[in-house]
Amino acid sequence: MKQHYQLAVIGAGPAGLAAATVAAEQGIEVAVFDGQVAPGGQIYRAMESIPQHRGSQLGDEYQRGRELVSAFRASSAKYFPETQVWSLNGRREIGLLLQGQAHTVTADQVVICSGAIERPVPFPGWTLPGVMNAGAGQILFKAHGIVPDDGVVLAGSGPLLLLLAWQYLHAGVSVKALLDVTPMINHLYALPRLPRALLAGHYLTKGMQYKRDLKRAGISTLHNVRSLRAQGKDALQSVSFLHRGREQNLETAVLLVHFGVIPHTQLGRVAGCRHVWDESQLCWRPQLDEWGRTSVAGILVAGDGGGIGGARSAEHAGRLAALQALYALGTLDRATRQRLARNDRKWMREESHIRPFLEAFFRIADDMLQVADDDTLVCRCEEVSAGQIRAAVADGHRDSNQVKFLTRCGMGPCQGRQCAEAVSHIVADASGKALQDIGHYRQRPPVNPLTLGQLAGLHSEKTE
Amino acid sequence: MKADVLIVGGGLMGFSTALHLAMRDTRCIVLDKGSPGRHASGVNAGGLRQLNRHPAEIPLSVVAADMWRHIRELVDSDCDTRFPGQVRVAENEAELGRLEKRAALTRSLGYQHEEIIGPDELYALVPALAPHCIGALICRSDGYGRPFHALDAFRRKARSLGVYYQADTRVDAVRQDGDEWRLSTLQGEFRAPVLVNCAGAWANHIAAMLGEPVPLKPGAPMMMVTERLPHFIDPVLGAAGHKLSFKQMQNGTLLIGGAHMAELDLLQERTEINWQKLALSARSVMTLFPQLKDVRIVRTWAGLEAFMPDNIPVIGASVTASSAYHAFGFSAHGFQLSPVVGRILSQLILDGTSELPIDPFRIDRFASSGRCA
Amino acid sequence: MFKRLDNPAQNSVNVTINGQPVQVPEGETVAAAVLVHGLPYTRTTPVSGAPRAPFCLMGVCFECLMVIDGIANQRACMVQVREGMRIECQQGVGELLS
């Protein structure tokens, strides 16, 4: 590994692969650091190794990744798989862990392509073994051909939930029920956004086809489900919920939940990039310009990590960020940058038509985001409940960081990834302040595991 | 807005001063440019250490230690304090010699809290320690607390006694009008006959407004905390040969400091970890506890603190202005002193004198060695 | 709880899960392997001792912390199985090796 690269791309999903490929084509030195064993990110995970028949069960959107991965493989970009990035700072110094050895390297330009994580929405029982994210179910399916073996229940809201149900259907997995928690009122809010969404009608058509297929297969889909609750002593035994005013109970050992996705912002925040609250997407995201530039010089964000746009959009954003990096490095002049960006900009615009509709249609109900039940654990790591957070607010602690100091919420191993959004919502609701003012946890490195021994053995040119 | 005393800085020193004044029926306003305990007060290592103090600090530290042991009587909370002692280990004869000299110095000043222990007692106290150490300096009554919880307790108690606190209020200008101090802020003017500067890393700005600039240097000592571990050590541990402060908290996490400094952007109030330097702390830990090599670091951070050239604070009255007082520049070891410093200031303000010797902390001690702002 | 769709035709490796010998397809993550194996939980929390199991499988939730080859706090979803690997549930804060 070299000590310095012209461009460092962090993440090998659609944005990172596209960015690295475009930049490498221009002859600059590109390094791609990614935690997975193979390129593709979560969306195109296991693209190179998946058996043909399972690939087709995943649908044609998944197949799109093949081209992206092979173009990247053919490029001169230096690829570092199984490499954990544990730090990034304003001087563009990147902390890496490669085969147990910690390194720091620097880069002139850094493109963060950290992708999305599933929105953590705490609800009663969500910490029980047997409750998992729908994305986790999909990863098991894609990467390992592993599926629930008996009557899985899917619950939540958003396109991924529908897609997973459809993929399971095609793989012959028995789905006991799909519980849709999307509030009915969303239809009303989404309606004005429908005409624009029709410009990207293929997504709507696809969604409708999935629904039709599920219905034809007799999979029970319940809409407007409320008061979702996972139950069991030491592991999940059943799921209870309210549907049409009636409390229902389904026995199951596996509940897969999904409440949409949000940007994975850890690295950008630790680097000091300014973040803003996005009310439509209900998440924190980095403040970016049209090229993906953050508030920190030389650090860009592309793809879902900069705001949710989906896999196709991420690819375009990756290329745009690479063009900007090439321009900043002096490899491209301004006119060439503009010219090469034209198509990606156009396609990105087309991709964006569907978003406002999806965001309104699948918006999670406030009482879920604000974790109405006091006993529900918000911080899975430190086991801090919604009630404890509300008590801290009542006690005069009016922002996320003070709540964190006082309750240890967000101080565990996941570094607040699973509770930050919920804490923002709870504190905003309880204090009557705007989410933007509640703020996000100040992110502390390392954002990925690093041991005392690894830090002690830190290798970098400066110490030699 | 008007009161008897205006205190700039909502950290531990500010709230401790306000609390002691309020206990004697004095009305205080505490202003902070951010949130309470945002910097050094909230994020320091929480050491309650008399061990190896600067001789000038010993009288204060010894009284403070007693106040911490009875801290519940003062602030209705134990601030999560524990008193397992603090040790400073020696890894060779030269280091042990230095520690012995130190213990003799403390004794010669008339204090008994520091003593030398040999390897047998050291390993009985810290069985997990690597086997090469040969002795240690120990203060058995030392310990630690949880800084943000302490800050919160001081703040609550002060407020319950009528102290008015306002966050997000930066002091833009200070002027004395007759017998009255006037502080201008964007949130309006605050007035009182007495002014106290507890502004931490920004205290030199307030001092400069009073016409007595000080060579304060802001710094950000780096800290790290690990995942929770099984209980394996009681005392807080330092080492004669390493910049290290090492303790296991009640919840099992290890808190590791070492006064290695982060990169600092004072304007943005941002600190950035210097990994090469923090690696030195990790190496110190590996030397003393090699069995911890696979222990995960969960967080690192650096709190903003004021350092003075001689590493002891400024405590006392202004020499240029009347009815103005300072308490700042604790140089990364102020947490333990905070209860007594508040009491000293309250005595200076209300009685005109303090029970403890504070002459070494005069603000004009730097005047001869050249001034800087 | 979980099953493999295809019979593992590819190479497999031998690991132990809580001491029990198990054959696992090469390339599988530890988290996937223990889910198929049917472990009821992968760790208990250091705070209340509650049982937990893999949740996100993409390295962000830190729920699947296990003791792998004697080293505690490993994210099972980010580690691939290797021949001879010892996989164990993590109890609370785990143990310190000396």
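**Contact between the two domains of chain B**

In this predicted model, 21 residues of domain 1 of chain B are in contact with 20 residues of domain 2 of chain B. According to the domain assignment, domain 1 of chain B is made up of residues 5–63 + 147–214 + 309–369, whereas domain 2 of chain B takes in 86–140 + 221–302. The centres of the two domains, taken over C-alpha atoms, are separated by 29 Å.

Between them, domain 1 of chain B and domain 2 of chain B bury about 1600 Å², and 60% of this area lies on carbon and sulfur atoms. Of the area that domain 1 of chain B buries against domain 2 of chain B, 36% is supplied by Ala45(B), Leu51(B) and Asn52(B), which is more than any other three residues contribute.

Polar interactions also cross the interface of the two domains, where 6 residue pairs, both members at pLDDT 80 or more, are found in polar contact. On the side of domain 1 of chain B that touches domain 2 of chain B, at least two residues are supplied by each of β3 (47–48) and α3 (58–69) of chain B, and the largest share, 3 residues, comes from α3(B).

In chain B, a salt bridge joins the side chains of Glu269(B) and Lys33(B), with a distance of 2.8 Å from N to O.

How values were computed. Residues numbered from 1 in each chain as written. Chains lettered and ligands numbered in written order. Predicted model: local features only at pLDDT ≥ 70, side-chain atom pairs only at ≥ 80, totals over all residues. Heavy atoms only, no water. Domains from an automatic or database assignment. Contact = heavy atoms within 4.5 Å. Buried area = accessible area lost by both parts, 1.4 Å probe. Salt bridge = Lys/Arg side-chain N within 4 Å of Asp/Glu carboxyl O. Polar contact = N/O pair within 3.5 Å; in protein donor to acceptor, adjacent residues only side chain to side chain. Helix = DSSP H or I, 4+ residues; strand = E, 2+ residues; numbered from the N terminus.
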